[in-house]
Amino acid sequence: MLTSCATIDLEPESKNAIELPDVNFIIGNVTSIYNIKLSVGNIDFENETFKEDWFSSLSYEYTKDKLYIVGTAKAGSYIGITSTKAQDASGTPLGTFTPCNKTLVFRLPYGGADVYVTDVNYEWNNVSISPIYSDQIEQAKKAFNTNNIIQARYRKLNADLYNDCYTLNPNPVIMTRPI
């Protein structure tokens with residue numbers, strides 16, 4: 001029988017912690033009538049579910065022409081679309097739509113490179129919207145006048161964002177307005 005003795009350091013890790021670098025990310029906003037809300041979160045890998053971290057903040061803003069979202073977060077962060085506000089062409093608010101089943105989730109790489117995720121547009125479905133993703137990294141490189149952007153991988157994961165949002169619609173990424 002082998003026995004060993006170990007000591008456990010109960011001191012906070014902050015004095016020995018390595019500070020992760022910030023990574024810049026870009027998401028295309030195809031139409032300026034949508035205002036996408038992004039949040040940092042965690043992944044429940046067992047259930048393949050994105051859970052928003054209510055205590056974390058995320059720094060991002062729209063470009064002046066509202067065609068891109070540009071943000072910064074720590075390397076390794078999981079970020080997901082947690083809602084989208086829509087308005088009509090005249091600017092009248094049409095509501096806030098929240099993912100009911102699946103949402104776009106991406107993780108920032110540890111390499112420190114700036115990343116492009118995807119372009120997002122929406123299709124109207126009477127009282128709901130469905131996101132349409134299209135990868136347009138070359139257009140993003142031109143818009144930001146750089147070749148130093150890499151493509152980030154993203155997935156559509158279940159979204160644990162609020163209760164009673166499940167929908168019977170066959171489109172798994174449909175977004176509805178909470179009642």
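Select glutamate 52 first. Glutamate 52 is buried, at 14% relative accessible area (buried is under 20%, exposed over 50%, partly exposed in between, with a 1.4 Å probe and protein chains only). This is a predicted model, in which local features need pLDDT of at least 70 and side-chain atom pairs count only at pLDDT 80 or more, while totals for chains, interfaces and linings use all residues. Residues are numbered from 1 along each chain as its sequence is written, and side-chain values use heavy atoms, with hydrogens and water left out.

**Stop 1: salt bridges**

The term means a side-chain nitrogen of Lys or Arg within 4 Å of a carboxyl oxygen of Asp or Glu. Strands here are DSSP runs of E, at least two residues long, and helices are runs of H or I, at least four; both are numbered from the N terminus. Lysine 37 is partly exposed, at 34% relative accessibility.

The structure holds four salt bridges. For another, select glutamate 48 and arginine 155. Their side chains meet at 3.8 Å, N to O. Glutamate 48 is in the loop between β2 and β3, and arginine 155 is in strand β12 (residues 154-160), 107 residues away in the chain. Both ends are partly exposed: glutamate 48 at 44%, arginine 155 at 47%.

Now go to helix α1 (residues 137-143). Lysine 141 and glutamate 138 form a salt bridge there, also 3.8 Å from N to O. They are three residues apart in the helix, so about one helical turn separates them. Lysine 141 is buried, at 17%.

**Stop 2: the nonpolar core**

Select Phe25, Ile27, Ile36, Leu38, Ile79, Phe106 and Leu108. Within the largest nonpolar core, which has 26 residues, these touch the most other members. A nonpolar core is a set of buried Ala, Val, Leu, Ile, Met, Phe, Trp, Tyr and Cys residues joined through side-chain atoms within 4.5 Å. Strands that each supply at least two residues include β1 (22-29), β5 (68-74) and β9 (114-124).

Centre on isoleucine 27. Beyond four places in sequence, its contacts include Leu38, Ile69, Phe106 and Val120 (contact means heavy atoms within 4.5 Å). A separate core has six residues, among them Ile26, Tyr116, Ile137 and Ile149.

**Stop 3: phenylalanine 106**

Phenylalanine 106 lies in strand β8. It counts as buried, at 1% relative accessibility. Not counting residues up to four places away, phenylalanine 106 touches Phe25, Ile27, Ser77, Tyr78, Ile79, Val117, Arg153 and Tyr154. Draw a C-alpha to C-alpha distance from phenylalanine 106 to arginine 153: 6.3 Å in space, 47 residues in sequence.

**Stop 4: the largest pocket**

Which residues are the closest to the centre of the largest pocket? Show Tyr78, Phe106, Arg107, Arg153 and Arg155, from a lining of 16 residues. β8, β11 (149-151) and β12 each give two or more residues to that lining. By class, the lining has twelve nonpolar, one polar and three charged residues.

Conventions. On a 1 Å grid over the protein atoms alone, a cavity is a set of points where a 1.4 Å probe fits but cannot get out, and a pocket is an open set with protein on both sides within 12 Å along at least five of seven lines; lining residues have an atom within 4 Å of a point. Ala, Val, Leu, Ile, Met, Phe, Trp, Tyr, Cys and Pro count as nonpolar, Asp, Glu, Lys and Arg as charged, and the others, Gly among them, as polar.
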